[in-house]
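Q: Hi! I'm new to reading protein models. Could we go through this one together?

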Amino acid sequence: QVQLVESGGGLVQTGGSLRLSCEASGRTLSSYAMGWFRQAPGKEREFVAGIQLIGGIGDRTYYTDSVKGRFTISRDNAKNTLYLQMNSLKPEDTAVYYCAASARSLYSRSSSDFGSWGQGIQVTVSS
């Protein structure tokens, strides 16, 4: 099982940027499907962004509609780290953000498809 640790969260003003990192240990992430999810107070955990390795092609990325054009998911295989670059942040982006991994190469927006999770990190966007 892969262990995941998020970092980079914090407090930022509306319109600002943050970059979340998710460092993995125990397994090499390059072939894993990875995702970022978030959970706001009183709400269910929701999908934010995903990255899937397509054999012979490379990584495929996908996003929930509310973050398209503002967030970018990527990974550095040499550092075994997943990133989420978040730009033009809005108060509604405030949540605890989680990175997740699946040993299967899958395209999924469902948290139940990801077996490994980080502890979560708080992102707060002030208005």
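Predicted model: local features only at pLDDT ≥ 70, side-chain atom pairs only at ≥ 80, totals over all residues.

Q: Thanks! Now the rings: how many aromatic pairs are there?

A: A search of the whole structure finds six aromatic pairs. Rings of Phe, Tyr and Trp (its six-membered ring) pair if their centres lie within 6.5 Å; planes under 30 degrees apart count as stacked, over 60 as edge-to-face, and the rest as tilted.

Q: Can you show me one? How are Phe37 and Phe114 arranged?

A: They are edge-to-face, with 5.4 Å from centre to centre and 75 degrees between the planes. This pair links distant parts of the chain, 77 residues apart: Phe37 is in strand β4 (residues 33-39), and Phe114 is in the loop between β9 (95-102) and β10 (116-117). Strands here are DSSP runs (E, at least two residues), numbered from the N terminus.

Q: And are those two buried or exposed?

A: Phe37 is buried, with a relative accessible area of 1%. Phe114 counts as buried too, at 4% relative accessibility.

Q: Back to Tyr62. Why is its pair with Tyr107 called tilted?

A: The ring centres of Tyr62 and Tyr107 are 4.1 Å apart and the planes are at 35 degrees, so the pair is tilted. Tyr62 belongs to strand β6 (residues 58-63), while Tyr107 is in the loop between β9 and β10, 45 residues apart. Tyr107 is partly exposed, with a relative accessible area of 37%.

Q: Which residues make up the aromatic cluster?

A: Phe37, Phe47, Tyr62, Tyr98, Tyr107, Phe114 and Trp117 form one cluster.

Q: New topic! How many salt bridges are there?

A: The search finds six salt bridges. A salt bridge is a side-chain nitrogen of Lys or Arg within 4 Å of a carboxyl oxygen of Asp or Glu.

Q: Where do Arg75 and Asp59 sit in the chain?

A: Arg75 and Asp59 meet in a salt bridge of 2.8 Å, N to O. Arg75 is in strand β7 (residues 71-76) and Asp59 is in strand β6, 16 residues apart. Arg75 counts as buried at 13% relative accessibility, whereas Asp59 is partly exposed, with a relative accessible area of 39%.

Q: What about Asp65 and Lys68?

A: Their side chains meet in a salt bridge of 3.1 Å, N to O. Asp65 counts as exposed at 61% relative accessibility, and Lys68 as partly exposed at 48%.

Q: Which residues are linked in a network of salt bridges?

A: Arg38, Glu46, Arg70 and Asp93 are linked that way.

Q: Okay, the inside now. How many residues are in the largest nonpolar core?

A: It has 30 residues, and those with the most contacts inside it are Trp36, Leu84, Met86 and Tyr97. A nonpolar core is a set of buried Ala, Val, Leu, Ile, Met, Phe, Trp, Tyr and Cys residues joined through side-chain atoms within 4.5 Å. Apart from that core lies another, of seven residues, among them Ala33, Phe37, Tyr62 and Leu106.

Q: Last one: what is the strand order in the open sheet of four strands?

A: The order is β1-β3-β8-β7, with antiparallel pairing. The edge strands are β1 (3-7) and β7, and each pairs on one side only. Two strands pair if DSSP finds at least two bridges between them, and β1 and β3 pair over five bridges.

Key
Residues numbered from 1 in each chain as written. Heavy atoms only, no water. Buried < 20%, exposed > 50% of the residue type's maximum accessible area, 1.4 Å probe, protein only.
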